[in-house]
Amino acid sequence: MRIVRLLLVFVLALPLSAFAHRYAMVVLATNADKALIPSLLEAPPEELAEISKSVPINRKAAPPPPGKTSRPRRRASTAAPSRNAQISKIVSEIDSRNIENTIRKLVSFGTRNTLSDQNNPNRGIGAARDWLYGEFAKAAQRSGGRMTVEKQTFEQPKAVRIPQPTMLTNIVATLKGTQPESTNRVYVVSGHYDSMCNSAIDARCDAPGANDDASGTAAVLEMARVMAKYSFDATIIFMTVPGEEQALLGATYFAETAKKNNTDIEAMFTNDIIGSSLGGNGVRDRHTVRVFSEGVPSNETTQEAMIRRSVGGENDSPSRQLGRFIKETSERYVPSMKVWLIYRRDRYGRGGDHQPFLERGYAAVRFTEPNENYRHQHQNVRVENGIQYGDLPQFDDFKYIANVARVNAAALAALASAPARPKNAVFPAGQSNDTQIKWDANKEPDIAGYEIVWRDTTEPVWTHSRAVGNVNTYTMKGISKDNYFFGVRAVDKSGNRSPASYPRPLPRRRTGTAPAESAAPPE
């Protein structure tokens, strides 16, 4: 890889045309890292040098400075997981031209306000709803019958931003998993197709919503189009919902219905405002997407809070583990993109469609561009003092949206191809300088084993891992849970890894008492 990097730098230094530079770099990437090719083909000429830096170079860890000694560490696995060829293909097939076409079509409906006309074939949310249903149905034709598309319609009662009872419709495309032990495990990716101008209850004004949130809707549709023809162990739901601007109504209905039906949603992604690489602060960043994840779970009970305050874990909720998984996985398959983990539920004082899932105990995160422009959100379309206001398509960066879709698709495909995260991971009671961890055996037939991951308490992501075999208990000798955070993840025979599960303390038993009803608090 070091040689490839040097060759890339050399090629850029040659007095060649932009086309020649690009062609030469694609040839080199083909021999080093095929996942770079979509970025190399679509990037502006001035960014080719930056993308070339994403070719990894293996370096040995630097020794400590003179006079310094590092803390003793147990030998850990540092080998990068092997690539899944199917995920690489999915990433390469995401097409920014399809995303642009979808956004421009959604904008053409004039407004997609949740309260707008539902029966006009050319204008309003009804026209957008029917068009989206038709496009998802087209994508389903490539699935060999594994993808089904439905309109999940419900009546929303009168509320603060709903002046009168209104019918709302979620468009839900379900790609059924093929492994019997995993088909009931579900991953959801969503965008909202409604839009608004200055007022959430103004159903007549033009509300193009090119970024908020035609961008997220277009990304979800493109993922469905590409991924429908591929098979996954677990089930993936591609969804676009209305009522987000009226208090997350479509997402809330779906999440509540899933909870009542005991649907095993292992993760939910919402893509909202992923359309622009240029912020209102003047910063252009085509290579970063923010991923928001909450720490203390929204549905945490009083008992769980007491345990957390005793042993820690504020930074190790299932949603935080999901964020770490997305970063680790997607940056391997889309190396031109950086996943910027933001450790809060959403932007300051704001919310999104992942929130109803979090409130019902599901792991969920939000994807959003790094620098927003508030002149192009929730604005009436107008020119004021020479400044264009309004959420118009000319302010979208379609190639950037495609890369965000690639980040989503890589993480989704990895989740649905991997085993479930281990359940009921616990630390048995007792004090020791060693750390013992126990967990339930996974049910998938292709389980190869498990890995223990750990990090310093101040590190944001996992820094060490150790393969421990196909066992259900393991003791980390000489490494105390006082000083590190631990997790356990499952690995299948193809090398696919689950997100990590954070162990909870096993409740202590008094001598002569019966076992507790629950070995550990709910994850």
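The legends below describe close-up views of a predicted model of one protein chain.

**Figure 1. Overview of the protein chain.** The chain contains 13 helices and 17 strands. Of its 523 residues, 55% count as buried. Among contacts between residues at least 6 apart in sequence, 73% join residues at least 24 apart.

**Figure 2. The largest cavity and its lining.** The model holds three cavities of 30 Å³ or more. The volume of the largest cavity is about 70 Å³. Its lining is made up of Y187, E266, A267, P318, Q321, L322, A363, L415, R421, P499 and A500. By type, these lining residues divide into eight nonpolar, one polar and two charged. Two elements, β5 (264-271) and α11 (318-333), each supply at least two residues of the lining. The largest share comes from α11, with three residues. Rolling a probe the size of a water molecule over the atoms shows where empty space is left.

**Figure 3. V365 in strand β8.** V365 belongs to strand β8, which covers residues 364-368. V365 counts as buried because its relative accessibility is 0%, and the cut-off for buried is under 20%. Leaving aside neighbours within four places in sequence, the contacts of V365 are M268, F269, T270, V291, F292, S293, S319, L322, G323, I326 and H354.

**Figure 4. D233, an acidic side chain without a salt bridge.** D233 sits in the loop between α8 (214-227) and β4 (235-241). D233 is buried, yet it has no salt bridge. The nearest side chain of opposite charge is that of R185, 5.5 Å away. A salt bridge would need a side-chain nitrogen within 4 Å of a carboxyl oxygen. Apart from neighbours within four places in sequence, D233 is in contact with G177, T178, Q179, S182, T183, A416, S417 and D446.

**Figure 5. The cis peptide bond from D212 to D213.** The peptide bond that runs from D212 to D213 is cis, and its omega is near 5°. D213 is placed in the loop between β3 (185-192) and α8. Most residues other than glycine have a negative phi, and most peptide bonds are trans.

Figure 6. A247 is not a glycine, but its phi is positive, at about 105°. The loop that holds A247 lies between β4 and α9 (249-260). A247 is exposed because its relative accessible area is 52%, and exposed means over 50%. N424, also not a glycine, has a positive phi of about 55°. N424 is found in the loop between α13 (398-417) and β11 (426-427). With 38% relative accessibility, N424 counts as partly exposed.

**Figure 7. P121 in a loop between two helices.** The loop that contains P121 lies between α6 (96-107) and α7 (125-140). P121 counts as exposed because its relative accessibility is 64%. P121 and F109 are 12 residues apart along the chain, and 8.9 Å separates their C-alpha atoms.

Notes: Residues numbered from 1 in each chain as written. Predicted model: local features only at pLDDT ≥ 70, side-chain atom pairs only at ≥ 80, totals over all residues. Heavy atoms only, no water. Helix = DSSP H or I, 4+ residues; strand = E, 2+ residues; numbered from the N terminus. Buried < 20%, exposed > 50% of the residue type's maximum accessible area, 1.4 Å probe, protein only. Lys, Arg positive; Asp, Glu negative; His and termini not counted. Contact = heavy atoms within 4.5 Å. 1 Å grid on protein atoms, 1.4 Å probe; cavity = no way out; pocket = protein on both sides within 12 Å on 5 of 7 lines; lining within 4 Å. Points joined across faces, edges and corners; volume = space filled by probe spheres on them. Nonpolar A, V, L, I, M, F, W, Y, C, P; charged D, E, K, R; others polar.
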